[in-house]
Amino acid sequence: MSKPSFGLNAPQSAAVAYLDGPCLVLAGAGSGKTRVITQKIAHLIEDRGYDPRTIAALTFTNKAALEMQERIAKLLKQPKQAKQLTVSTFHSLGVKILRQEAHGVGLKDRFSIMDSDDCGSLVQDLAITTDKQIVRRIQTDISLWKNGLVDPAVALQHAKDEDEAQSARIYASYVATLSAYQAVDFDDLIRLPVELFRNNEPIRDKWQRRLRYLLMDEYQDTNTCQYELVKLLVTGINKKPMFTAVGDDDQAIYAWRGASVENLKTLQTDFPDLEVIKLEQNYRSTTRILQAANAVIGNNPKLFDKSLWSEHGMGEPINVLGMANDDQEADQVAMMISADHFQRKNKWSDYAILYRGNHQARVIEQALRKERIPYTISGGQSFFDKAEIKDIISYLRLLANTDDDPAFIRAVTTPRRGVGQSTLETLGTFSGQWQCSLFEAVFKGGIEGLLADKQLRPLRDFCNFINHLESRASRPGPSGSGDNAAQVLDDLLEAINYESFLYDMFDERAAQSKWQNVMEFVNWLKERGRGGKDRDGEEKNVLELTQMVALMSMLEGQDEDPDAVRMSTLHASKGLEYPHVFLVGVEEGILPHKGDPDAPAETIAARVQEERRLMYVGITRAQRTLQITWCKKRKRAGEQVHCDPSRFIKEMALDAGTAPPQESEVITPRERLARMKELLATPRPTPQP
């Protein structure tokens, strides 16, 4: 392999080469942080003799992990070594630890991973409410407590009001119920390994020896629990901390879900010999865009001083447009994209429309449809959230863990097999009395006295079917043996007659679409069961596939990259880049978002600082051009409300003449048609990148 400095600038090269202890790489937007991580892993393997099985690289999405692994493979003399690395999300590492150490946290090997809907149903039952807003509030409270490593007793002790006290009491019951189900939720995938390592030194030591070097991406997005997991893996008696954390305090935008930018500061306290290396050269954006980003973020207090710069030249001016209302804003953006797409001969996917909240999307969608502009929306329904996919997943979850009551209820009633609500209620009461799962209760003595034969028979037929399938689901077996994942999945679909169920329940077009989704999902599972497209990975049995799917469905859906304008919230756009960006709705009350005006001053200041970081993220998504729009009036709750331009527009410190909104800049449909005719009459310009 070439020397680590090859193809890297000086700070990047220093970050790759540094192996004398803990290292923090402050990577500004577009500064090539992924390249640093991948080159460093290659350097560890090729030049420093590290066994790839002892290196872990952690990030926040499966897509980022997959991209990282593919890039590492291209750098290695033996590309197959990339498969031996642990390149995953924090939560995937947590699953890996729990799979191997389940008994250490009181779980059986086949524990279930509950999705958000199942957890919501559980909270709804415990809270005895159908109010979705209350359920979401309690779920959020519980998640923040788990991520902060706060147990139910402490949460109740420090509850600020009766709402929090209610959440804390339900938290205690929620934890107990999950334990009874032999199930974990998304937050437990980090919390339980932390508890395990805190309480079991031999197991902690085993994993420290297994993972000799850690690399963490997007470190500013870690929460208390994730930071504690990292510390437990890299510190110990006579152990030299060996890790590289890559992050940017200016892009910390997830405080609302428990992330703490303070983790970057705490690193310096916990690791006094921490080497800090700054990456300030931006390879994405023009100088004008970076000057605006630097000017905005300069208004925040800094953990670390840095200023992005670029060699891409000044670039085009940033335009700020003031619109009469949100309808005009949407129409204007759609017309500008249509005209620019025609003039530059760009792809539609070169354009992104970014906004603060999903409620801003509807009017923009309508304008794009009117102009016949193709678009996709980030953060839409995940493939794994479709009802037909969740139906099939419920069977897989039950095969993995017959104590998974939510999966049992969904599977036994889909397709219908004569098991009604009253039967399930009786079974639930009986299982509660005996402290056993619904599945176990079906065969427990005494149930015959509570359920008639016609109620009990379909339950036992269903459970016998699951038991028969489960005996095959735990064995991968060579293809053709009848025990491999593909054959088990085919037999499952045939046995439950799911295709006929869909055509009985829905009209032909909807049923066909749903069945195609099921076949796509099952074929995707089969491919992974065989070890991937190239069959160069390990074969997985149905049980292993089930845990993989449960985790993926909570992290993200299947990724698609059609040639279409990307509509996205600012939060969902992080980590992405586009040649041409439209940042819309940049108004007071939207960006920055209007919070509680009665909150303490320090809370309001912290909120505005996070919103400013969000603005910085939006600006730095743009590679070549950036358009900012705001409205003088916006429709809210059916009424036109007066709006003011965001303070962040002024903070961008744009050149005089470009920042003030100018009505003359608004393009009417007639003007656009005239411009297009003019373009058609002249030679086409050279396409711009």
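**Notebook: rings, charges and cysteines**

I began with charges over rings: the charged end of Arg210 sits over the ring of Trp207, 4.3 Å from its centre. I used this cut-off: NZ of Lys or CZ of Arg within 6 Å of the ring centre and within 35 degrees of the ring normal. Arg212 does likewise with Tyr50, its charged end being 4.4 Å from the ring centre.

I noted that this is a predicted model, where local features need pLDDT of at least 70, side-chain atom pairs count only at pLDDT 80 or more, and totals for chains, interfaces and linings use all residues. Residues are numbered from 1 along each chain as its sequence is written, and side-chain values use heavy atoms, without hydrogens and water.

Next I searched the whole structure for aromatic pairs and got 12. Rings of Phe, Tyr and Trp (its six-membered ring) pair if their centres lie within 6.5 Å; planes under 30 degrees apart are stacked, over 60 edge-to-face, the rest tilted. Tyr219 and Tyr227 are edge-to-face because their planes stand at 80°, with centres 6.1 Å apart. I found both Tyr219 and Tyr227 buried (under 20% relative accessible area; exposed is over 50%, partly exposed in between; 1.4 Å probe, protein chains only).

Phe408 and Phe462 are also edge-to-face, since their planes are at 75°; the centres are 5.8 Å apart. Phe408 is buried at 0%, and Phe462 is buried at 3%. I listed one aromatic cluster: Tyr395, Phe408, Phe439, Phe443 and Phe462.

Last, how many disulfides (cysteine sulfur pairs within 2.5 Å) does the structure hold? I found 0. For Cys643, the nearest cysteine sulfur is that of Cys631, 6.7 Å away.

How values were computed. Disulfide = S-S within 2.5 Å.
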